Amino acid sequence: METLTTTVCVVGGGPAGAMLGLLLARSGVDVVVLEKHADFHRDFRGDTVHPATLQILDELGLVRRFHELPHQKVSTIGVVQDGKRINIADFSKLRVRYPYMAFVPQWDFLDLITAEAARHPGFRLLMRSQALGVVRENGRVAGVRVSGPDGELTVRSTLVVAADGRHSAIREDVGVTPRLIGRSLDVIFFKISRRDTDPDEGICVRIGNGKVFGATDRRTYWQMSYETTKGGFEDVRRKGLDAFRADLAALVPFLADRVHEVSSMDDLSLLEARIDRLEKWHQPGLLFIGDAAHAMSPVAGFGVNLAVQDAVATANALTAALLRAQRTGEPFDDSRLAAVRKRRRLTTALSQGLQRATQRFGIDDALNGSGQPPAPKLFEKFAPAQRLMSRVIGLGFRPEHVRTPEIRQREGVQS
Ligand SMILES: Cc1cc2nc3c(=O)[nH]c(=O)nc-3n(C[C@H](O)[C@H](O)[C@H](O)COP(=O)(O)OP(=O)(O)OC[C@H]3O[C@@H](n4cnc5c(N)ncnc54)[C@H](O)[C@@H]3O)c2cc1C
């Protein structure tokens, strides 16, 4: 069986794993990123790039190239209740360099990050390479067993970072289980074409008749979501497509003339939205970040930003020690791993608390049939609530900044 040796093996090429791979590689740390899929092309993964992530791209010298990608800028997130729109977040009021949320297909964002990482000689991205479990040696994790395109291989490393998302295989292999926070939701995604005569809505959630539909303006189409209680997808199946289309037409009237574009159940993609969190984010030789450490729900859409921030905090905390271990061959000091959770724990708990509260006082009340959840009205009457939400969604509770250097002189770096 083939064996690769590196300093850090990152499992998962999502926002957390790809960003960590770039940050480590640009500072001279050898890193292998494993991604089980053949490419980054997957729908409904969260295409939002927040003001705080834009700031990080700026700090990495990537913001101009990012803005060259086809993208849309969205300044507000609103809720339509009783036919009236209430803005719950307005990023244009934030005093930041990039006061908007950019929508970019997540595969373009990940391609940009991994292409930048690939300029550094210590970076290797292995696609179609699925982590099966960890390798242990002397009581610590010392690598990963991988099923790759040419068979099984072992990646041996000083540190394994599990960034393999909400259904983390590494988490399961080492036998740790996250604590579920609140109740899960069924979220059904679908697309409907956009016409020039449609309103300019940005991101808007429509509440009424015991239903919740989200609509995100993607210029040529509407990315739609339908939020329902766990198991609600079965209800949709049972009641049939005509009932679903009628609900959609009632709540989003300007789409009434094209609800038939949802022509079969296959046009509806079901994703489970859950919020959970690990108590402990590390073991000797192993660290969890992003959704693998704390799954985020799509509510208020800030899981991608949180995953990127985890990656930045990880690089800031560990790069120097990893470089030392790489250069001297001395053992890596595992006690340093606790610093990542310590830095990110409060911001994660507050972010998840906000998602849970939004779910409880917004979505759950709306689904209970009253159609009159109190939360949106709060934003209308109480201006600081909108300012807080703009800040939390746009920047997070504790925005991270890139503190690690780029080793430009390193042999082989391509400009
Ligand atoms: C329905 C839904 C909609 C959402 N919408 C938004 C949104 O609009 N905005 C937002 O900010 N957040 C959104 N979120 C949350 C967001 O998707 C996550 O918080 C974010 O993607 C976490 O990033 P990550 O890198 O930690 O994990 P992921 O994005 O899940 O990436 C994990 C990566 O690991 C790979 N992988 C998994 N297992 C293995 C393995 N064994 N070996 C190798 N590779 C593996 C996966 O293929 C994937 O590429 C949404 C979540 C859900 C469920």
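1. The ligand is surrounded by 35 residues, of which the closest are Glu35, Thr48, Ala131, Asp291 and Val304, a residue being counted as near if one of its heavy atoms lies within 4 Å of the molecule. This is a predicted model, in which local features need pLDDT of at least 70 and side-chain atom pairs count only at pLDDT 80 or more, whereas totals for chains, interfaces and linings use all residues. Residues are numbered from 1 along each chain as its sequence is written, and side-chain values use heavy atoms, with hydrogens and water left out.

2. An N or O atom in the side chain of Glu35 is 2.6 Å from an oxygen atom of the ligand, and a polar backbone atom of Val304 is 2.9 Å from an oxygen atom of the ligand, while a nitrogen atom of the ligand lies 3.2 Å from a backbone N or O atom of Lys36. The protein buries 91% of the 1,000 Å² that the ligand exposes when taken alone, with accessible areas from the Shrake-Rupley method and a 1.4 Å probe.

3. Two or more residues of the shell around the ligand come from each of α1 (15-26), β9 (130-137), β17 (269-273) and α8 (303-328), and α8 gives the largest share, three residues. Helices (H or I, at least four residues) and strands (E, at least two) are DSSP runs, numbered from the N terminus.

4. Which domains give residues to the shell around the ligand? Domain 1 (2-70 + 95-181 + 274-353) and domain 2 (185-273) both do, so the ligand lies between them; the bounds come from an automatic or database domain assignment.

5. By class, the shell around the ligand divides into 14 nonpolar, 13 polar and eight charged residues, where Ala, Val, Leu, Ile, Met, Phe, Trp, Tyr, Cys and Pro count as nonpolar, Asp, Glu, Lys and Arg as charged, and the others, Gly among them, as polar.

Notes
Polar contact = N/O pair within 3.5 Å; in protein donor to acceptor, adjacent residues only side chain to side chain.
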